[in-house]
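Please read them beside the structure.

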Amino acid sequence: DIKQLLPIVEKVNAEENWAASLSETEVKEATNNFKQEIQNGKSLDHILPKAFALAREAAKRVLGERPYDTQIMGSLVLHSGRLAELKTGEGKTLMTVAAAYLNALTGDGVHIVTVNEFLSERDSVWMGSIFKFLGLTVGLNLRELSAEEKREAYNCDILYTTNNELGFDYLRDNMVVKKEKRVQRKLNFCIVDE
């Protein structure tokens with residue numbers, strides 16, 4: 001697996017100077033350009049090296065933390081729909097950023113699922129600051145939100161939620177009489193940060 005990932009990591013690393021050269025405004029423009037490329041038929045894998053490099057640069061600027069190559073590999077694994085495992089303290093939460101960013105560029109939303117509301121709230125602020133710097137919207141799904149507030153959160157590019165709330169929203173959505181009363185939208189990409 002590592003042999004297959006290393007050439008992609010090298011491509012991401014090759015785009016690092018490009019990403020570092022962008023102003024804050026140009027970072028957001030790059031996000032919009034990526035979205036346009038996807039709408040015009042480019043695949044996520046085609047823009048992956050630049051998108052991952054930009055996500056890494058955003059993390060560096062916003063948090064002062066540059067994701068290591070191993071974290072980029074972990075994000076590549078997540079993007080491919082597989083499980084990535086890191087030990088405690090190795091940066092699992094930061095590892096998720098590049099995969100979440102790339103998959104949010106489709107406009108179909110990304111759910112990041114945690115085990116409790118404390119983590120969802122913490123990460124929506126902490127990692128959410130990176131996504132906002134990149135020009136994406138970030139939502140937080142909490143138990144006490146109204147249906148309208150939940151719908152608004154679900155329609156963000158990145159949604160932080162708990163496994164319980166995600167499941168109960170799904171059940172509630174399947175009990176509504178009118179389709180427009182549902183809070184969730186079509187499922188696209190999900191990362192379980194466990």
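**Pockets and sheet**

1. In the lining of the largest pocket, α6 (92–104) and β4 each supply at least two residues. Helices (H or I, at least four residues) and strands (E, at least two) are DSSP runs, numbered from the N terminus. β4 gives the most, with 4 residues.

2. This is a predicted model, in which local features need pLDDT of at least 70, side-chain atom pairs count only at pLDDT 80 or more, and totals for chains, interfaces and linings use all residues. Residues are numbered from 1 along each chain as its sequence is written, and side-chain values use heavy atoms, with hydrogens and water left out.

3. The largest pocket has a volume of about 330 Å³. A pocket is an open set of points on a 1 Å grid over the protein atoms alone, where a 1.4 Å probe fits, with protein on both sides within 12 Å along at least five of seven lines; lining residues have an atom within 4 Å of a point. A volume is the space filled by probe spheres set on the points, which are joined across faces, edges and corners. Of its 16 lining residues, Leu78, Leu83, Ala84, Ile191 and Val192 are the closest to the centre.

4. β4 also belongs to an open sheet of 4 strands, ordered β2-β3-β1-β4 with parallel pairing. Two strands pair if DSSP finds at least two bridges between them. The edge strands are β2 (138–140) and β4 (189–192). Strand β1 (residues 110–114) is joined to β4 by 4 bridges, and Val110 has Phe189 as its bridge partner in β4.
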